[in-house]
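Student: I have a structure open and I'm new to it. Could you walk me through how to read it?
Tutor: Happy to; let's look together.

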Amino acid sequence: MSKVIAHSLFSEFDIDLFKGGKHYRLYEKFGSHIITIDGVEGTYFSVWAPSAKSISVIGDFNYWVEGQHQLNVRWDESGIWEGFIPGVGKGSVYKYRIHSHHNDIKTEKADPYARRCEHPPKTASVVWDDAYDWKDTTWMQKRKKHNGLDAPFSIYEVHLGSWKKKIEENRSLSYQELSDELVSYLKEMQFTHVELMPIMEYPYDPSWGYQLTGYFAPTSRFGYPEEFKLLVDKLHQNDIGIILDWVPSHFPEDAHGLGFFDGTCLYEHPDKRKGYHPDWKSLIFNYGRNEVKSFLISNAIFWLDQFHADGLRVDAVASMLFLDYSRDEGEWEPNMYGGRENLEAIDFMKELNEEVYKSFPDVQTIAEESTSFPMVSKPTYLGGLGFGMKWMMGWMHDTLQYFAKEPVYRKHHQNDLTFSMTYAFTENFMLPLSHDEVVYGKKSILGRMPGDEWQQFANLRLLYSYMFTHPGANLLFMGSEFGQREEWNFQQSLDWHLLQNNYHEGIKTIVTDLNILYKNYPALHEQQFSASGFEWISYDDQENSVVAYIRKGYREENALVVVCNFTPIPRTKYRIGLPSAGKLIQIFNSDANKYGGSGVSNTEEISIDQKNWHSREYSSEIIIPPLATVVFRIVK
């Protein structure tokens, strides 16, 4: 039996950075690394466990016997244990057996930095080398253009396990299969980006991936790490960006995970008021501990560096920001200034974003943040948190609430629809119709729409058209793009058979066309986060439930006029004020026959009259189809 050989990948500088919370590439040092020493190949192991009395690597190479391969503790009080085991190579399965000074406790843990994990329900780590020959150079060189805040950002949110299944084999698609089927579908639908719900290893399927145990390993459910790289590569080769859902807010208590790692609260905050999440029955990271901060920031950098991710959607930011999140009075302790803000978490998020944008200026971080906390998507040098974008949860809530009402009552709730424009430019907002809106009895997006079948689909077409012409980036959860009727079920495939129905095919077609419209017309994306990109024509026609507005790009001649009718009554000879003389050309109509609409439409060209209307010198009479959005450009 080979013995552990003393060896280290850490320099003294590495240790100083780690202890200071400033080491952002820890994955290059910690974990298991296949290396050769004096001509002998083996694996170097290192793990952070400052309260350990002894640590053994146990695995299939030593019959899981403790004591055969004991790691050596470093002399510098860093709490790092390390060593080289000859003969252990790719595919070897292992865990750390940790004997703690704290009450003589013994824990058996997966490697926090493992690059591959066993397929759940198995829980061990796997020594792995995921070398890959990337072919996405063209994308990487130009992705700043694709990921910029003035670029079209239309995201398709996907849960890989339930997007599509091999029915005959009762299994989900593999990374390799997805690199063909998902990529070709995204290209057909003209989405600019895909966002994957967490693909880091997780033990419990009903968590949808939001309870992570393998932060540095793509889940083995769908294949090997290098096969996930193939999926990313194929997306990039087809000009599609990839956003990864990332969860630094909490982690599960599973015995093999990060909790109580070395017999103490190592990764989690020791005070339950800060270290335990009552809603999710999970543990909360200790953001004030330098080594934990380095772990989390290194993890974010890892996915951007090693897997070429184009951005991170950061989950549950609100739960990190506030000490009293989901807690009653007496269950939380104010910060040093007497406030409810978690100052350590705020500092962590600022540092995270600073390092991400310093190292990868052509990516985006996106905050899922549901409160009115200020300046989430403003730069840290201005006092902001430094995220690139923030989910517009208020727009989502108000809009879905409005659309759920029968059209006859909508005139009493016009403010629900227009209120978003009072704060639309306080952040860089993304409009999300995400997985959270199609579960737990909320119904599917289609299922929320009122009326008979025709009106339901017309409302859905109207909703999506309003969404894509509203300022901000867009996100649609899978299935919503063709009118999934049932709520999302993570155990089942989407109902692809619905596309045999013309109405559902019409929804798929209109989402494709909206993506094309959004991409091809600069007015819809160049100033999507700026008040300069939007101007009301009319927001106060409650009686007819009609709104009209102008979207503007950098150049005045690129402006578009958008008019929405939220009732099933067509509006003929409806006059709208316009910014200039010329002619109106209709370029989009959500009531078109090809979408399943009634085909009510405007003529190809509409003259613009020099007649005051809506406080403007010029105006035109247009037709607004029932439950529809029409978009025009002005030709002078």
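Student: Where is Ser545 found?
Tutor: Ser545 sits in the loop between strand E24 (534–541) and strand E25 (546–551). Strands (E, at least two residues) and helices (H or I, at least four) are DSSP runs, numbered from the N terminus. Before we go on: this is a predicted model, where local features need pLDDT of at least 70 and side-chain atom pairs count only at pLDDT 80 or more, while totals for chains, interfaces and linings use all residues. Residues are numbered from 1 along each chain as its sequence is written, and side-chain values use heavy atoms, with hydrogens and water left out.

Student: What is the phi of Ser545?
Tutor: The general idea comes first: most residues other than glycine have a negative phi, and most peptide bonds are trans. Ser545 has a positive phi, near 55 degrees, and is not a glycine. Ser326 also has a positive phi, of about 60 degrees, and lies in the loop between helix H7 (317–321) and helix H8 (343–359). As for the peptide bond, a cis one joins Pro120 and Pro121, with omega about 15 degrees. Pro121 belongs to the loop between strand E8 (116–117) and strand E9 (125–126).

Student: Is Ser545 buried or exposed?
Tutor: Buried means under 20% relative accessible area, exposed over 50%, and partly exposed in between (1.4 Å probe, protein chains only). Ser545 counts as buried because its relative accessibility is 1%. Ser326 has a relative accessible area of 36%, so it is partly exposed.

Student: How many residues does the largest nonpolar core have?
Tutor: In soluble globular proteins, nonpolar side chains tend to be buried together. A nonpolar core here is a set of buried Ala, Val, Leu, Ile, Met, Phe, Trp, Tyr and Cys residues joined through side-chain atoms within 4.5 Å. The largest one has 172 residues, and Tyr156, Trp163 and Phe228 are among those with the most contacts inside it. Another core, of 19 residues, lies apart from it and includes Val546 and Ile634.

Student: Which way do the residues of E10 point?
Tutor: In a regular strand the side chains alternate between the two faces of the sheet. In E10, Ser154, Tyr156 and Val158 point one way, and Ile155 and Glu157 the other way. Five of the five residues of strand E10 (residues 154–158) are buried, so the strand is largely enclosed by the rest of the structure.

Student: Which strands are joined to E10 by four bridges?
Tutor: Two strands pair if DSSP finds at least two bridges between them. Strand E23 (residues 473–477) runs parallel to E10, with four bridges, and Tyr156 stands opposite Leu476 there. Strand E13 (residues 193–196) is also parallel to E10 and joined by four bridges, with Val158 opposite Leu196.

Student: At what angle do helices H3 and H13 cross?
Tutor: Two packed helices are described by the angle between their axes and the distance between the axes. Axes are lines fitted to C-alpha atoms, for helices over the stretch in contact, and angles run from 0 to 180 degrees between N-to-C directions. The axes of H3 (residues 175–189) and H13 (residues 502–520) come within 8 Å and cross at roughly 70 degrees. They are therefore roughly perpendicular (65 to 115 degrees). Contact means heavy atoms within 4.5 Å; here, Tyr185, Glu188 and Met189 of H3 meet Lys508, Val511, Thr512 and Asn515 of H13.

Methods:
Angles under 35 degrees count as roughly parallel, over 145 as roughly antiparallel, 65 to 115 as roughly perpendicular and the rest as oblique.
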